[in-house]
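This briefing is meant for a reader who is meeting the structure for the first time. Please look through the sequence and the model before going on to the points below.

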Amino acid sequence: MFGRRRKKKDGEGADGTAATAGAAGSEADFAGRPEDPPEPEKEADRHRSDGPWDSAEEAPEAQRMDLGSVRIPVRSGIEIQVNVAPQQNRIIGVTLRTQRSALQVQPFAAPKSSGVWADMREELRSQVTSQGGKVEDFDGTFGPELRAVVPVAGKKNEQGQQMGERVRFIGVDGPRWVLHGVIRGEGASKPQAMAEVEELFQQIVVVRGDSPAPPREMLPIVVPQEIQQSMAQAADQRKRSAGNGQADEGGGGAES
């Protein structure tokens, strides 16, 4: 049975986390009997009945970091990194890191009448195969996804064969937006880690806003000044303590 995706009422918080009579379970009618959840408003909604959420919907209560178009769950053991393209000095995503997994998310604008995740999957498939990688379709928690083995530049085994990294490409279409996720590490292959990363993805709230934007344009990710300082300090500390020559993939980061 699909979950109810009720719109927020006037006066509720920006994340839709205000307590309601039905917050702990399904709503009840006047006789105290639970109501049957309605069918999803559109086909894509069945894949996000438990999240990710639109800012106009009642998302489960959780501590989240407000980064403009996305509100990212904050919890112990999760490091949040803002990904920046050095040449353009432009934010291109946000990465949530656990001890053994990484989830990069990117919010994009989408048409009101249809989603774009299907087209994005085909482009991702072409990119991976053109690099010599392998891609398989999979029906996952959020509907159709891609599970791939992507070549790792400069890494070969003792026999001289190209080594690859397991990667999952997930995505969901929401109201005038699509949220794309790239999962690496154990979250791409081990069931328990996969479930943990999926739960993080479900907790994200997307803020589409009213401004017009062409389909596939990335929605603006805005980092408040105080968070920028915290991320810079965390990045400096990480570089000082690492001492192993590994490159930092995600730009600045802050650990909760």
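A residue counts as buried when its relative accessible area is under 20%, as exposed when that area is over 50%, and as partly exposed in between. Arg 176, with a relative accessible area of 25%, is therefore partly exposed. The model described here is a predicted one, and its chain of 256 residues has 39% of them buried.

**The chain as a whole**

- The chain contains three helices and twelve strands, and it exposes about 14,500 Å², of which carbon and sulfur atoms supply 47%.
- Among the contacts between residues at least 6 apart in sequence, 59% join residues that are at least 24 apart.

**The nonpolar cores**

- The largest nonpolar core has 28 residues, and those that touch the most other members are Leu 67, Ile 72, Val 105, Leu 179 and Phe 201.
- At least two residues of this core come from each of strand E3 (70-73), strand E4 (79-85), strand E5 (90-97), strand E6 (101-109), strand E9 (162-174), strand E10 (177-185) and helix H2 (191-202).

- Helix H1 covers residues 117-130, and because 14 residues at 1.5 Å a residue should span 20 Å, the separation of 20 Å between its end C-alpha atoms agrees with expectation.
- The buried residues of H1 are Trp 117, Met 120, Arg 121, Leu 124, Arg 125 and Val 128, and since they fall within an arc of 140° when seen down the helix axis, they line one face of the helix.
- The cover over these buried residues of H1 includes E6, strand E7 (134-140), strand E8 (143-156), E9 and E10.
- After H1 comes Gly 132, which has a positive phi near 90°.
- Helix H2 has twelve residues and reaches 16 Å from its first C-alpha to its last, close to the 16 Å expected at 1.5 Å a residue.
- Within H2, the buried residues are Ala 193, Met 194, Val 197, Glu 198, Leu 200, Phe 201 and Gln 202, and Phe 201 is also one of the residues that touch the most other members of the largest core.

**Strand pairing**

- E7 and E8 pair in the antiparallel sense over seven bridges, forming a hairpin with two residues between the strands, and Gly 140 stands opposite Gly 143 in E8.
- E8 also pairs with E9 in the antiparallel sense, over seven bridges, and Ala 148 has Val 167 in E9 as its bridge partner.
- The hairpin of E8 and E9 has five residues between its strands, and Gly 160 in the turn has a positive phi of about 85°.

**Individual residues**

- Thr 95 is placed in strand E5, and because its relative accessibility is 6%, it counts as buried.
- Leaving out residues up to four places away in sequence, Thr 95 touches Glu 79, Ile 80, Gln 81, Asn 83, Ala 102, Leu 103 and Gln 104.
- Although Thr 95 and Ile 183 are 88 residues apart along the chain, their C-alpha atoms are separated by 9.5 Å.
- The peptide bond from Gly 51 to Pro 52 is cis, with omega near 0°, and Pro 52 lies in the segment before E1.
- Arg 176, in the loop between E9 and E10, has a positive phi near 65° despite being a residue other than glycine.
- Arg 216, found in the loop between strand E11 (205-206) and helix H3 (225-242), is likewise not a glycine and has a positive phi of about 80°, and at 32% relative accessibility it counts as partly exposed.

Methods: Residues numbered from 1 in each chain as written. Predicted model: local features only at pLDDT ≥ 70, side-chain atom pairs only at ≥ 80, totals over all residues. Heavy atoms only, no water. Core = buried A, V, L, I, M, F, W, Y, C linked by side-chain atoms within 4.5 Å. Buried < 20%, exposed > 50% of the residue type's maximum accessible area, 1.4 Å probe, protein only. Helix = DSSP H or I, 4+ residues; strand = E, 2+ residues; numbered from the N terminus. Contact = heavy atoms within 4.5 Å. Areas by Shrake-Rupley, 256 points an atom, 1.4 Å probe, with all protein chains shown as cover. Expected span 1.5 Å × (residues − 1). Arc of directions from axis to C-beta. Pairing = 2+ DSSP bridges.
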